[in-house]
Protein chains: 2
Amino acid sequence: MTARDEGADLRPIDPSPVVVLIRPQLAENIGSVARAMGNGGLFHLRLVAPRDGWPQDRAMRTASGAYRILEAATVHESVADAVADLHRVFATCPRPRHIVKPLLTARGAAAELREIGNRGLRMGLLFGPERAGLDNDDIAHADSLIRYPLNPDFMSLNLAQAVMVMAHEWWMACDETPARDMITHKTHVATKGELENFLTHLIAECDASGFLRNAPKRPGMVRNLRHFFQRGEVTEQELRTLHGVITELAHSRHQPSPEPEHGE
Amino acid sequence: MTARDEGADLRPIDPSPVVVLIRPQLAENIGSVARAMGNGGLFHLRLVAPRDGWPQDRAMRTASGAYRILEAATVHESVADAVADLHRVFATCPRPRHIVKPLLTARGAAAELREIGNRGLRMGLLFGPERAGLDNDDIAHADSLIRYPLNPDFMSLNLAQAVMVMAHEWWMACDETPARDMITHKTHVATKGELENFLTHLIAECDASGFLRNAPKRPGMVRNLRHFFQRGEVTEQELRTLHGVITELAHSRHQPSPEPEHGE
């Protein structure tokens, strides 16, 4: 499967916010932005006064298959034009100063965007140019600001990284994947009964081998073995393998060991 | 302030997980990974068998100031060597197959990593090479897998983007920034009393101007005005500005308008 094929299924998953890149400088970054948008289920891209014009081959090269996003992108002369048909606009802004506005984390913004989109309103996310970020006139077009909580000693984010964080939060805001799951392949997590069956086998062979011959210590040793096997989610298939290991070890104990080749 | 200065304060914020890049191909990506790590408060970087050797000037160019992370990075011959001193290892893995392991979202993994770190255990995050990702032998070194929930039609993530998502989640897992706040500059959100004071002024001038002269409609019109000004958090400074606007409009109403210059 080629990179181009990989992006062939990319399409709008609406409602989703428009990403507005304001005066972007590097075409490579525009391509990387498109890739990040595709990852997070965003599709609509608008470019305000891209420095080197549009379209750009260099953007295609970094988009890694997100061509449909770049092909559907529109170019605008001003921020006002780019947001004219939108109902709510959020501006990403690392260090807002002298501004009175609601300020959201990426996560907070994603939750609000989901809620706004569900009401049928069109929404946009403004990202500033690589070097300088949004200026005060750009920000005046926004209802709210977004600032990502990040390491205060190193806040400067690459443009595509900034879009990636927002795209991931947008996707997560309505994703229902369990935070922790157990993946199993052609098997299932063992029930306590299946585990008990294995422990009975293990302890019987331990008794037979003499490993548990110290009667006063035996209850504690059995408990330790139980604790170990109870610690994680063991699968039915793993128990079968362990049954096999125990049987084989116990069996080979009754057989004479093969002579070492070099003899003595 | 130069880019190099910007990263001068970068230092470990421990406990924090080690980022292990396995067979990374492009030095530019290693630099971008360092930048993303710095953004999210990660510092410890290990490289297993980097394709083009190490160090690399091209990594410095994309690190955007995160030089200290690159300078402290260590190179390892094998995954086993890179993780030997760690207690818990998580592997990022877009499409785990035929594997039985716990599977976490980036957010779920960040929460577990915080908990593990708080217990004084050392932890690592494995990221595979750009094109192929981690192979099954690499993954066998991990306790758990991490898979980001993302657009199933476009899952392929740039290496530095993958690190950025994890670094942002790591930072967010113990960040206390309110999801929504109101930023104010040399002012504060107005109290209901301050708002009432303004509304009294507004309504008095509306009465004086005759805007509310329709007695049956007056109560509804007053309520509409109240609803509008109650909708968001207005600041004390904005109320002072609005007081000024009302006073000025009411004052100029009593003055004769200046003659238009061209006369008639």
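A residue counts as buried when its relative accessible area is under 20%, and A:Glu112, at 15% relative accessibility, therefore falls into that class. This briefing concerns a predicted model, in which a rotation of 180° with 0.0 Å of shift along its axis superposes chain A on chain B at an RMSD of 0.0 Å. The two copies are thus related as by a two-fold rotation axis, and they meet through the same surface, because 100% of the interface residues of chain A are also interface residues in chain B.

**Overall form of chain A**

- Chain A contains 11 helices and eight strands; its radius of gyration is 30 Å, well over the 18 Å that the globule rule gives for 264 residues, so the chain is more spread out than a compact globule.
- Along its principal axes, the C-alpha trace of chain A spans about 85 × 45 × 40 Å.
- The domain assignment divides chain A into domain 1, covering residues 3-172, and domain 2, covering residues 192-254, and the C-alpha centres of these two domains of chain A lie 57 Å apart.

**Burial, surface and contacts of chain A**

- Of the 264 residues in chain A, 47% are buried, while the chain exposes about 13,800 Å², of which carbon and sulfur atoms supply 51%.
- Among the contacts in chain A with a separation of 6 or more, 83% are between residues 24 or more positions apart.

**A:Glu112, with a contact to chain B**

- A:Glu112 belongs to helix H6 of chain A, which comprises residues 106-118, and its relative accessibility of 15% places it among the buried residues.
- When its neighbours within four places in sequence are left aside, A:Glu112 is in contact with A:Arg88, A:Phe90 and A:Leu104 in chain A, and also with B:Arg180 in chain B.

**B:Thr92, in a strand of chain B**

- B:Thr92 is located in strand S4 of chain B, which comprises residues 88-92, and at 11% relative accessibility this threonine counts as buried.
- A polar atom of the side chain of B:Thr92 lies 2.9 Å from the backbone oxygen of B:Leu126.

**Two loop residues of chain A**

- A:Val234 sits in the loop that links helix H10 (218-230) to helix H11 (236-254) of chain A, and with a relative accessible area of 13% this valine is buried.
- Not counting residues up to four places away in sequence, A:Pro12 touches A:Phe43 and A:His44, while its C-alpha atom is separated by 9.8 Å from that of A:Arg68, which lies 56 residues away along the chain.

Conventions: Residues numbered from 1 in each chain as written. Chains lettered and ligands numbered in written order. Predicted model: local features only at pLDDT ≥ 70, side-chain atom pairs only at ≥ 80, totals over all residues. Heavy atoms only, no water. Least-squares fit on C-alpha atoms with pLDDT ≥ 70 in both. Contact = heavy atoms within 4.5 Å. Helix = DSSP H or I, 4+ residues; strand = E, 2+ residues; numbered from the N terminus. Buried < 20%, exposed > 50% of the residue type's maximum accessible area, 1.4 Å probe, protein only. Polar contact = N/O pair within 3.5 Å; in protein donor to acceptor, adjacent residues only side chain to side chain. Domains from an automatic or database assignment. Rg over C-alpha atoms; globule rule 2.2 N^0.38 Å. Areas by Shrake-Rupley, 256 points an atom, 1.4 Å probe, with all protein chains shown as cover.
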